[in-house]
Amino acid sequence: MDLTYEQAVNFYRRNYRGACAYHLSDDSEKIILVDAVKHRCRFCGRSAPDVSFRLVAHALPELLGNKKLFSRYECDTCNTFFGEGIENDYGNWSKPMRTLTGRKGKNGIPTHKGGGETGWRIERKNNHFYINAGEDEHNRPFVARENHRVIDFALKCDPYRPMSVHKAFVKMALSILPEAELPNFRQALAWIMNFDHLEEVPILAPVLVSFTPGPARIDGITVGVICRKEDAPDIAPYAFLILTYGHESFQVILPSPERDAAIEGEELILPPFPQQPSQDGLLQVFSHDLRDTELVTEAVVQCTFEFESAQISSSP
Ligand SMILES: [Zn+2]
């Protein structure tokens, strides 16, 4: 039987405390996180002048629309390493939903296209979609119905490695956690710094994604880390990242062999972190196992949009 919203609230109240939380919106102030020692990198442990700190380090990837939360404790070398590695995989994996929910990165909201010069194209600007159906009606990743007011999308992700995506989530958590929490995540830190993707740390639970139906919420990211209380009565992993943007909320376990040795191998019964119930339909919860290390090239995200109005033109 599914646990109720109230039971989930009680579970997390009983067992967890908030370690940090940020809500970022167009109106919020810019936040720059710092550690006690200036110009020492949290990730590789090196200091200036061995490494430089010239680049602005986004504590959450810019492609999520983060223009507010930065850190001073990520060196340029690590910044580039994460950007070209795990954050690139995260970007490829999340691209369809970023288009569908209007996440504005450095180069705007991602565009999807295919089929060559006469092919299809999906673009989004703020709350408007611009869809060019292209000439080949058998080769479109969407189907329109009800006078084009309802569109079923089936958008492909760019190639990604699942474990790399999990690491990108963990990196976000390690970027926002208070310094005092870092000793609990030394092995997780070494894991995300390894270019090779191996299960060097036990991943005790899959990633949970809660999908909230309803109007698109373009602005805003809410992110935080919850950690187990010292006197937690239930069998519960040490820490989760909770990240919400667009229609989705992600609950990602943070590997902590330092704190979770005692519960390895135990059966975990975890209710999803409670989300506000939606007025536009049932909240849907999916579980994603992101432990795989093989490149995924054929993943497709399906989503139905109902628009207030649609304008159709036969020439571009
Ligand atoms: Zn570094």
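This is a predicted model: local features need pLDDT of at least 70, side-chain atom pairs count only at pLDDT 80 or more; totals for chains, interfaces and linings use all residues.

User: Okay, helices first. At what angle do α2 and α3 pack?
Analyst: About 30°, with the axes 3 Å apart. Here α2 covers residues 76-84 and α3 covers residues 86-100.

User: Which residues make that contact?
Analyst: From α2 you have F82, G83 and E84, and from α3 there are I86, E87 and N88. Sorted by class, the contact of α2 with α3 has 2 nonpolar, 2 polar and 2 charged residues.

User: And how do α3 and α4 cross?
Analyst: Their axes cross at roughly 110° and come within 8 Å, with α4 being residues 162-176. So α3 and α4 are roughly perpendicular to each other. The crossing of α3 and α4 is left-handed.

User: Who's touching whom there?
Analyst: On the α3 side the contact is made by I86, E87, D89, Y90 and W93, and on the α4 side by S164, V165, K167, A168 and K171. By class, the contact of α3 with α4 has 5 nonpolar, 1 polar and 4 charged residues.

User: What about α4 and α5?
Analyst: The axes of α4 and α5 cross at roughly 130° and come within 10 Å. That makes α4 oblique to α5. This crossing is left-handed. In α4, the residues involved are K167, V170, K171 and L174, and they meet A188, L189, W191 and I192 in α5. The contact of α4 with α5 has 6 nonpolar, no polar and 2 charged residues.

User: Switching to the core. Which residues of the largest nonpolar core touch the most other members?
Analyst: That core has 57 residues, and F169, M172, A173, F240, L241 and L254 touch the most other members. The largest share of this core comes from α4, with 8 residues. As background, nonpolar side chains in soluble globular proteins tend to be buried together.

User: What does F240 touch?
Analyst: Not counting residues up to four places away in sequence, F240 touches I226, Q251, V252, I253, L254 and F273.

User: Now L208: buried or exposed?
Analyst: L208 is buried, because it has 20 C-beta neighbours inside 10 Å. L208 sits in strand β10, residues 207-211. Leaving aside neighbours within four places in sequence, L208 is in contact with Q251, P272, V285 and S287. L208 and I242 are 34 residues apart in sequence and 9.7 Å apart in space, C-alpha to C-alpha.

User: And where is L182?
Analyst: L182 is in the loop between α4 and α5. With 14 other C-beta atoms within 10 Å, L182 is partly exposed. From L182 to R42 is 140 residues in sequence and 8.8 Å in space, C-alpha to C-alpha.

User: Last topic, the backbone. Which residues does the cis peptide bond join?
Analyst: A48 and P49, with omega about 5°. P49 is in the loop between β2 and β3.

User: What's the story with phi at N147 and H148?
Analyst: N147 has a positive phi near 55°, and H148 has a positive phi of about 70°, though neither is a glycine. For context, most residues other than glycine have a negative phi.

Methods
Residues are numbered from 1 along each chain as its sequence is written. Axes are lines fitted to C-alpha atoms, for helices over the stretch in contact, and angles run from 0 to 180 degrees between N-to-C directions. Helices (H or I, at least four residues) and strands (E, at least two) are DSSP runs, numbered from the N terminus. Two residues are in contact if their C-beta atoms, placed from the backbone, lie within 7 Å. Ala, Val, Leu, Ile, Met, Phe, Trp, Tyr, Cys and Pro count as nonpolar, Asp, Glu, Lys and Arg as charged, and the others, Gly among them, as polar. Angles under 35 degrees count as roughly parallel, over 145 as roughly antiparallel, 65 to 115 as roughly perpendicular and the rest as oblique. A crossing is left-handed if the near helix is turned anticlockwise from the far one by less than a right angle, and right-handed if clockwise. A nonpolar core is a set of buried Ala, Val, Leu, Ile, Met, Phe, Trp, Tyr and Cys residues joined through C-beta atoms within 7 Å. A residue is buried if 20 or more other C-beta atoms lie within 10 Å of its own, exposed if 12 or fewer, and partly exposed in between; C-beta atoms are placed from the backbone.
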